[in-house]
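Subject: Structure handover

Hello,

Here is the structure for you to look over. My notes come after it.

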Amino acid sequence: MIEEILSRIFVTEWLVLVLVSLLLLALAEAGFRFGIRARRKNPEAATGHSGSVQGAVLGLLGLLLGFSFAMAVGRNDTRRSLAVEEANSIGTTWLRTDFLPGNHPAEVRNILRQYTALRLQSADLDRQGDDFKRNAEEAAKLQSALWKHATAAAEEKPSPVTVSFITSLNETLDLQSSRLAARFNHVPSAVWLLLLIVAGCGAWASGYGSGAGGHRSTFSQIIFPVLIAVVITIISDMDRPHMGLIGVSQQPLRDLLESMEK
């Protein structure tokens with residue numbers, strides 16, 4: 001349930017920024033009005049209460065933002081590392097095709113070119129789309145074809161050099177699954193829900209403090225909520241790199257494909 005709601009919100013980073021900003025600004029305004037009412041009833045109690053609550057909530061919010069940011073950065077670094085590893089693995093497999101007997105080298109290289117192009121295309125496709133499914137099906141067919149050539153070459157020429165090709169090919173096929181798992185390994189939905197709740201409470205407490213103080217504060221009611229929304233947007237952008245501005249560079253695969261085509 002939570003994952004479905006978040007998937008609809010996290011369509012683009014701009015939608016996240018707008019929705020979270022509006023939510024936090026509305027809560028800051030609501031907190032301000034509650035603070036005004038509390039000040040009218042008991043000014044001293046309202047001011048003292050708002051300071052302690054605001055400090056506790058903002059401290060918790062800072063902790064959650066740091067925790068979520070670290071999770072998103074760690075997952076993003078893993079995706080980048082796996083992209084380089086896959087390009088290196090495919091390149092090694094390409095070079096070791098020279099060890100294969102008969103017509104296998106030319107045929108395997110042709111399949112590897114197609115496979116690399118598919119892996120490059122898949123980085124920009126949405127998991128829920130039909131294009132992604134077709135890409136995955138075509139990649140599976142090419143993997144099967146590559147493995148058939150490997151088994152046939154092993155039967156024709158059983159030698160350590162043929163085994164080295166099979167080893168690098170096996171690593172290449174495994175990395176496709178590893179990259180797919182890393183791509184969709186997001187910050188848990190429960191963490192996002194908790195972060196949004198605490199951010200909302202922080203915006204409300206910030207607005208309440210302004211109201212309890214008897215004056216509107218541009219920082220507390222506008223700058224602070226928008227700033228928190230920007231941080232949350234950046235975290236969500238890193239967490240879902242195929243949709244946002246902070247993506248995972250596919251340059252290693254591009255460079256590899258260019259060298260193959262030459």
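What follows is a short account of the pocket, the aromatic rings and a few individual residues.

One caution before the details: this is a predicted model.

**The largest pocket**

Start with the volume. The largest pocket comes to about 370 Å³. Its lining is made up of 21 residues. Nearest the centre are Ser-122, Ala-123, Arg-179, Arg-183 and Gln-250.

Which elements give two or more residues to this lining? They are helix H3 (43-95), helix H4 (104-122), helix H5 (130-156) and helix H6 (160-183). H6 contributes the most, with 4 residues.

**The aromatic rings**

The model has 4 aromatic pairs. One of them joins Phe-34 and Trp-204. This pair is tilted, with 50° between the planes and 5.8 Å from centre to centre. Phe-34 belongs to helix H2 (residues 13-41) and Trp-204 to helix H7 (residues 189-213). The pair therefore ties together parts that lie 170 residues apart in sequence.

Phe-34 has a relative accessible area of 45%, so it counts as partly exposed. Trp-204 is also partly exposed, at 29% relative accessibility.

Trp-204 has another partner, Tyr-208. That pair is stacked: the planes are 15° apart and the centres 5.2 Å apart. Both residues sit in helix H7. They are 4 residues apart there, which means a separation of about one helical turn. Tyr-208 is buried, because its relative accessible area of 11% is under 20%.

Phe-34, Trp-204 and Tyr-208 together form one aromatic cluster.

**Charges over rings**

The charged end of Arg-37 sits over the ring of Phe-34, at 5.8 Å from the ring centre.

There is a further arginine to check. Arg-109 lies over the face of Trp-94, 5.6 Å from the centre of the ring.

**Two buried residues**

Take Ser-68 in helix H3. Its relative accessibility is 1%, so Ser-68 counts as buried. What is Ser-68 in contact with, leaving aside its neighbours within four places in sequence? The contacts are Val-187, Val-191, Leu-195 and Ile-235.

Ile-228 is in helix H8 (residues 218-239). Ile-228 is buried too, at 8% relative accessibility. Beyond the neighbours within four places in sequence, Ile-228 is in contact with Leu-24, Leu-61, Leu-65 and Ala-199.

**Distances along the chain and in space**

Ser-259 lies in helix H9 (residues 251-261). Its relative accessible area is 43%, so Ser-259 is partly exposed. Ser-259 and Arg-113 are 146 residues apart along the chain. Their C-alpha atoms are separated by 9.9 Å.

Leu-15 is in helix H2. This leucine is partly exposed, with a relative accessible area of 31%.

Lys-148 is part of helix H5. Lys-148 counts as exposed because its relative accessibility, 59%, is over 50%. Lys-148 and Leu-17 are 131 residues apart in sequence. From C-alpha to C-alpha the two are 49 Å apart.

**In brief**

The largest pocket is lined by 21 residues, and H6 gives the most to that lining. Arg-37 places its charged end over Phe-34. Ser-68 is buried, and so is Ile-228.

Best wishes

Note on methods. Residues are numbered from 1 along each chain as its sequence is written. This is a predicted model: local features need pLDDT of at least 70, side-chain atom pairs count only at pLDDT 80 or more; totals for chains, interfaces and linings use all residues. Side-chain values use heavy atoms; hydrogens and water are left out. On a 1 Å grid over the protein atoms alone, a cavity is a set of points where a 1.4 Å probe fits but cannot get out, and a pocket is an open set with protein on both sides within 12 Å along at least five of seven lines; lining residues have an atom within 4 Å of a point. Grid points are joined across faces, edges and corners, and a volume is the space filled by probe spheres set on the points. Buried means under 20% relative accessible area, exposed over 50%, partly exposed in between (1.4 Å probe, protein chains only). Contact means heavy atoms within 4.5 Å. Rings of Phe, Tyr and Trp (its six-membered ring) pair if their centres lie within 6.5 Å; planes under 30 degrees apart count as stacked, over 60 as edge-to-face and the rest as tilted. A charge sits over a ring if NZ of Lys or CZ of Arg is within 6 Å of the ring centre and within 35 degrees of the ring normal.
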